Amino acid sequence: MQTNPTYSSLVAVGDSFTEGMSDLLPDGSYRGWADLLAGRMAAHAPGFRYANLAVRGKLIRQIVDEQVDVAAAMGADVITLVGGLNDTLRPKCDMGRVRGLLEEAVEKLAPACRQLVLMRSPGRQGPVLERFRPRMEELFVCVEELAARHGAIVVDLYGAPSLSDPRLWDVDRLHLTAEGHRRVAEAVWQTLGYDPEDTEWRTPMPATLPPGWAARRVADARFARQYLLPWIGRRLTGRSSGDGLPAKRPELLPYEGPGA
């Protein structure tokens with residue numbers, strides 16, 4: 001791996017994690033780790049170009065069908081691919097199909113860029129992670145194997161103690177806070193070979209007293225009302241939070257900061 005490489009372009013492929021939920025900007029749009037990473041890379045490469053094809057709620061089949069060929073055709077220096085985790089969270093999940101689609105995506109993207117970046121996604125502490133951990137870890141084994149075969153690099157977020165801390169996750173319990181996205185951007189930055197700006201991104205946050213019983217029950221009720229029940233409703237009706245939404249930054253254009 002190069003030290004402080006010069007990359008002139010970045011294309012991000014994936015779902016809500018790469019779209020940037022829940023790193024909310026004042027104008028109501030989302031920033032997220034990919035935007036933060038693009039900003040850093042742009043500071044090292046005049047004329048740096050960036051596209052973000054991610055759309056919340058997408059399954060790996062949709063990512064392959066809607067984003068992969070578009071990304072491959074852009075000819076970017078760096079492509080990031082994070083997908084399949086939404087599949088693992090479904091009650092019924094064919095992991096063989098997920099692995100096959102992820103392999104299809106990697107086989108198309110790896111030769112289309114200078115550096116393909118894959119990830120072992122972070123997981124929040126709690127019962128949801130424990131329930132789906134075997135599927136997630138099966139997915140991550142596939143990621144490692146594909147990276148080894150196709151010369152991709154893997155950013156290990158799953159193994160970072162800091163990113164499992166519930167305080168780095170939004171109230172929906174599915175998406176990172178702004179601080180969580182900042183740490184992910186740092187992780188990708190370092191894995192690409194740039195000098196660290198934060199050598200402690202893996203370090204857990206200082207311990208604090210956990211919320212009391214009453215506060216936890218209020219938080220649980222809010223979570224169920226605002227996020228869990230709507231999520232169940234979408235599953236029962238076959239809808240997705242990303243239905244009808246366009247890609248975040250569909251064209252590979254010069255990066256000019258948030259909202260550009």
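**Group meeting talk: a walk through a predicted protein chain**

Of the 260 residues in the protein chain, 49% count as buried, where buried means under 20% relative accessible area, exposed means over 50%, and partly exposed is in between, with a 1.4 Å probe and protein chains only. Please keep in mind that this is a predicted model, in which local features need pLDDT of at least 70 and side-chain atom pairs count only at pLDDT 80 or more, while totals for chains, interfaces and linings use all residues. Residues are numbered from 1 along each chain as its sequence is written, and side-chain values use heavy atoms, with hydrogens and water left out.

Let me begin with the overall layout. The protein chain has eight helices and six strands, and from the N terminus on they run β-α-α-β-α-β-α-α-β-α-β-α-α-β; helices (H or I, at least four residues) and strands (E, at least two) are DSSP runs, numbered from the N terminus. If we take contact to mean heavy atoms within 4.5 Å, then among contacts between residues at least 6 apart in sequence, 77% join residues at least 24 apart.

Now to the sheet. In what order do the six strands of the open sheet stand? The order is E5-E4-E3-E1-E2-E6, and the pairing is mixed, where two strands pair if DSSP finds at least two bridges between them. Strand E5 (153-156) and strand E6 (249-254) are the edge strands, each pairing on one side only. Strand E1 (residues 9-14) and strand E3 (residues 78-82) run parallel and are joined by five bridges, with Val 11 standing opposite Ile 79 in E3. E4 and E5 also pair in the parallel sense, over four bridges, and here Arg 120 stands opposite Asp 156 in E5.

Next, two of the helices. The axes of helix H3 (residues 60-73) and helix H5 (residues 95-109) come within 10 Å and cross at roughly 5 degrees, the axes being lines fitted to C-alpha atoms, for helices over the stretch in contact, and the angles running from 0 to 180 degrees between N-to-C directions. That crossing makes H3 roughly parallel to H5, a label used for angles under 35 degrees. The residues in this contact include Val 64 and Val 68 of H3 and Leu 101 and Leu 102 of H5. By class, the contact of H3 with H5 has ten nonpolar, no polar and five charged residues; Ala, Val, Leu, Ile, Met, Phe, Trp, Tyr, Cys and Pro count as nonpolar, Asp, Glu, Lys and Arg as charged, and the others, Gly among them, as polar. H5 also lies across E3 and strand E4 (115-120), running at about 180 degrees to E3.

Which residues does Pro 254 contact, leaving aside its neighbours within four places in sequence? They are Phe 48, Arg 49 and Arg 249. Pro 254 is found in strand E6 and is partly exposed, with a relative accessible area of 44%. Pro 161, by comparison, lies in the loop between E5 and helix H7 (178-191), and at 44% relative accessibility Pro 161 counts as partly exposed.

Note on methods: Angles under 35 degrees count as roughly parallel, over 145 as roughly antiparallel, 65 to 115 as roughly perpendicular and the rest as oblique.
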